[in-house]
Each structure stands twice: as C-alpha cells, then as structure tokens.
Amino acid sequence: MAPTYHIITFAPIQDFITKSRKLRDLYGSSYILSFLSWIICLAAKNQGCEIISPARINVTQGMPNQIVLRGELSADQISIIEQTFNQAWTCLVNSCREWIEKHIQTSQDSQGNTIKWDYNFWKRDWQLWANYSWEFFHASGKPGESITQARQKLNQVKYARNWTGINWQGESSTLSGSDAIAYPLLGHNLNSRHDNYQPQKQAVRSFYHSLSQLLGESFIDPREELSIPELTKRLITHEEIRNSLIEHLNQLNLVNLEADAIQQLKQDLNPDSFGELNRHNPTENYWTGWFQGDGDNAGKYFQKLAQLDARLEQEQLTQFSTKMRDWGKQLYEKQEEYLPPKGRIIYAGGDDFFGVLYHPYKQISPRRCLDWLAGFKSQIWHHPEPKEITPSVGFVWAGSQVPQRDILQHCHLAEQAAKKTGRDRIAFRILFNSGNYMEWVCPWWLLDTQELTSLLPRFSLSLQQQKPGRDRDTLKNLINSYQDREQGDNWTHFYQDIATLQSRHAFNNQTIDIALALIEIYFGSDWKTIFANPQNWWNLYDEYELPTFTGILGDPKQFNPNYQENPSMREALNSDPKVIDTFNQWLINLANLGFYLTDDHESISKPKIPVSHPD
C-alpha cells in the first residue's frame, strides 16, 4: 500500500525567540519550542504514526518545528494531536501562573506598606495567552504522494492563516512594546485612559521586587517589566515550576511520559547558571564574543530530494535529520571539545545554535575568537561528517556595558546579515558600549584554510608570493596573509591608510583600483588576483538554487532582483556603481574590524583604541 505523509508545524517561531532579553530567556524560548514539537511527536506516535523527521525524538532539546509523519491519520486523530499540543502549552503557562499566585501573595511598596494581591484580575489575560499564542498547521498528502507534495500543501494552508491576536490594556512591556506587563492587576481596568499611571507603576515595581527577592536577580531583575510570554520563558527553568509542569502532564495523561523522558525534561530545564556570562565586574570590564547561526537552504535541499522516489526521499530526509540532530546534541553535550579554553553553548538544536566565547576571570582576546571561527565550517560544522547544507553565522564582539538584550538582538541581526548577503558566510560585528557598531561580512573560504585550499584550482594562482617571509606554494587565509609595510602584523597601518584615503574621498563608485592596490600592498599579489576577478564576487547556484560557489559579495539579486545568469547581465552587474561602491566599502569595513579582531592580548579589559575611534 502506498504511504501517506503528513506535515505538522506551528507559528510564530522566530518572533518568539527574538523577543528575549537575557540568555535565560533565549534558552527558555528555544526549549519551549522544542518541547512543543516533542509533544506533537509523542501525540502522533500515540495515534500510530511513524515519525520520519525529526529523528531522535527521545532527545527533547533542539527539536525542529516541522514534523513529518507517515501513516493513516483521520481528521479526529489530527484534532487529538492539536488538542494535545494546546493542552501541553496550557500546562506550561498555568504552571508558571499558579506558582506565582501561590508564592507571592503580598508585596511591600516604596513606603513600606503591604500590598495584598488579588489575582482574579489577571487570569483572563493568562488564559488568552494560553489559548491564542500559537497557530497550528497541518497538511496531508494523498496515498503515494511525496513528502514534498505534502509540504507544498502545508504552504497553501499557511497562506490562509486564522490566527487570533491579543489586545492589551495599560502599560506595555519594555521589550515587546505591544504586550501588557504581567502583574496581578493586569486587566483590572479595561479602559486604560482612566488608569492612574504613578500608582500603577509603583505596583508593578513592588511586584517585580518580590519576584526578584524570591527567585534571585539571576531570574528577575526588580527593574524589569515582562509580558506574560516573557515571564513564562524566564520561569520555566525554575525547579519547582518544571516539576509542576511534569505533574500537570502526568495528571492529564496527555502523552506517555516514561521515566527517561521525565528525567530528560528535568535535566533540560535545569541549565547551568548564566551568571558568569555577565561580563561586567567591579574591577575589570570584559569584552565577550557571542555567536548565533544555523544552516542554509534546508528547504531547497528538501526540494532536491523531491526528485527522488518517495521511498528514497523518506530515507534521505531521515538521514539528514539524524545527522543534524546528532551534531547539535554533540555540540551541546561536548562543548569542551569544540570550544576554545572557555566558552558556552547556550543551545544547539539540529542546525540552530547560539554560544558565547569568554574567559571566566580575564579578557579573552578577539584574535582567539577569530581563529576559532575561521575554522568553524570545516572543523566544527562538518565534524564528524560533512553536512548537505552550509552554515551562516553572526558573531558579535561586545563591550562589557552593553545589555544582554541588545547583544541578543545584534546577534540575530548579524546572522540575518550573513543570510541576506548570500549565505554560507559569517558576519562580524563590533558592538561598542555606546551602542554604535561596525560590521563586516565574508564567505567562509576567506578565513577557513581547508575551504580555501579546496578552491585554489579555481583561482589558477601561481602561488609565487612576492612578499619576503611568505611560504611558496601555499596561500594563507586572508587575515593571516596580512603584512604591514614593515612586514609585521600591525593593522594600524592598514586602518590609517584607509582612514586617510576616505578623508580625501579617494573611494568612489566608478573604480576599485585603489582597493585592489591596498589588497596587494597588505595581503599580497595572489589575493589581489582573487579579488580582481569578478568571477569570484558572486554566488553560483545549481538547478535547485543550492550554492556551488560562494562569492565575496554574495548573491547578485541583492543588486538586481531580476538577475539571471547570462553574459550581458553579468557584465552590467560587474560595472554597476552600487556594486563598485559595495566592493570598496567591503574593504573599508575589513580595515575597521580587522583592527579590533586581530588583537591578541588577553590580559587587557578592552580592545586597543585606534587613532580615530568610531565611538
């Protein structure tokens, strides 16, 4: 009998993760998404379905949010899966609310008066979030149709969305901007124009002070103002609340929770303290490296699998899922094997990951971070076995005074910059205490020696380096190829030359001659040859739109959305003033960031300061 495939997913995903102020929120939001996907898998299994993807459903963390099933599912059975999903989320939300109501019955205001809380007002808002946080999507193929055909039907279902937004009253959360602050009097006056702002503000502050006293500032800062979903992300990692969640799940008998699954939940919802990642201390202000990334073009890879027959497509999808799930699990569980002397993976699920590079008691050098990232694709991503997709990563080198919520947002934006430029690359950001930042984006092969070596035949280089001290018959990565005029590695000279030329308006959108001359002076004639060839500027793709080569400037459609690969359009693209200007700016950004990223000192508390500080 021909197989029948089903696809299930839910939304919103990205918005739920990005609205995070602290690492605990980021961890909590990532885990909640994994938990809900896990619930779907268990519920589908209870209905007699085979889980095709994700693989390894006994590993709760890092579950992808698109579930591929094989088997017969009636409309009633699909409804049961959806109900289980909704009830699990309700259990999670109620566990947080009930714990607060039980443990914080009174607070002290700023005058020392006792406030006795009445929680009847806020129950409606919690119930709204329990009922309307997620939209559940499902599509079924016909017997004999492929997984890809079922996915196409799911996309059609998602176009006809039926999601209910939640209105709010009163003051908004300081992060979300559109969600009311979660405190006991939320919803007490539906006409917010008649609210008395100052007493309300004092009540909020008193409530969060009580929360902070009870949980500790590592959970809640008394000055914070969180919405219900933000508070849920924060509280779900508390021991009593996760125990309450497990108790609720067991009481409702939603899914079969075996002893191993319960132990896994307890372990996952008990992350190590994030306190040591607060890099500001009274004596030293430590800069820290933060990175976030995920795989590229998984959807296009799945489209490629659609060319196979249904059985092979299923096998390849399961193998892909297994490989990515195992990689994420290894990265998270064996961090000491993957990271520099000290670092932390906050989460790693499949092809999605977030981590921090630091020393616990001193300044880690940005150069150490750069060297680790340079080999990320070949030594981390493709270890222990090659992956079918490439990674894009955003790296943020952040000052000690930058709030975590800003760092997390910049990590997301840096990752998006790597994606939007053309994928298969890394975006570096220097984030100063003032909030100003600089950015440089480059493909992996410019940094990764193994990647670069595999591309040397393409470049047709003589490999006869002209600068003294350079090895013959080799080509170092771009950063390691740097030499100043004294044959040293002081990036100040490059930085100052760029600044001087900029002040004289030497760079324009008509020529890259000055940029190429600087590349030859500081990086050698071979690198000039590579950069001077426009064939190395642009991504190349196969018939499935998967990249076969990652260009320096990336995707041509950044500059011409209607671009098609042919000689006339390529010639027009290469001479486009916007492209010339982007090439020049790319080199300027390299000079600015290279100055910081190549600092190799670990005993200082902040990077050296250039002649002209961008702050």
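This is a predicted model: local features need pLDDT of at least 70, side-chain atom pairs count only at pLDDT 80 or more; totals for chains, interfaces and linings use all residues.

1. Contact is used throughout for heavy atoms within 4.5 Å. On that criterion, and not counting residues up to four places away in sequence, Leu501 touches Ala506, Phe507, Ile514 and Leu518. Leu501 belongs to helix α17 (residues 492-503), where helices (H or I, at least four residues) and strands (E, at least two) are DSSP runs numbered from the N terminus. Its relative accessibility is 22%, so Leu501 counts as partly exposed, the class between buried (under 20% relative accessible area) and exposed (over 50%), computed with a 1.4 Å probe on protein chains only.

2. Residues are numbered from 1 along each chain as its sequence is written, and side-chain values use heavy atoms, with hydrogens and water left out.

3. Leaving aside neighbours within four places in sequence, Phe494 is in contact with Tyr482, Leu518, Tyr522, Phe523, Leu587, Leu590 and Ala591.

4. The structure holds 49 aromatic pairs, meaning rings of Phe, Tyr and Trp (its six-membered ring) with centres within 6.5 Å, where planes under 30 degrees apart count as stacked, over 60 as edge-to-face and the rest as tilted. One of them joins Phe35 and Trp38, a tilted pair at 6.2 Å centre to centre with 45° between the planes. Both residues lie in helix α2 (residues 23-46), three residues apart, about one turn of the helix; Phe35 is buried at a relative accessible area of 1%, and Trp38 is buried at 2%.

5. The rings of Phe395 and Phe428 have centres 6.0 Å apart and planes at 70°, so this pair is edge-to-face. The pair links distant parts of the chain, since Phe395 is in strand β10 (residues 391-398) and Phe428 in strand β11 (residues 425-431), 33 residues apart. Phe395 is buried at 1% relative accessibility, and Phe428 is buried at 0%.

6. Two charges sit over rings, by the criterion that NZ of Lys or CZ of Arg is within 6 Å of the ring centre and within 35 degrees of the ring normal. Lys233 lies over the face of Phe16, 4.8 Å from the ring centre, and the charged end of Arg429 sits over the ring of Tyr437, 4.1 Å from its centre.

7. Which side chain of opposite charge is nearest to Asp448? It is Lys377, 7.4 Å away, and Asp448 is buried yet has no salt bridge (a side-chain nitrogen of Lys or Arg within 4 Å of a carboxyl oxygen of Asp or Glu). Asp448 is found in the loop between β12 (437-443) and α16 (449-459). Beyond its neighbours within four places in sequence, Asp448 is in contact with Ala374, Gly375, Phe376, Lys377 and Ser378.

How values were computed: Lys and Arg count as positive and Asp and Glu as negative; His and the chain ends are not counted.
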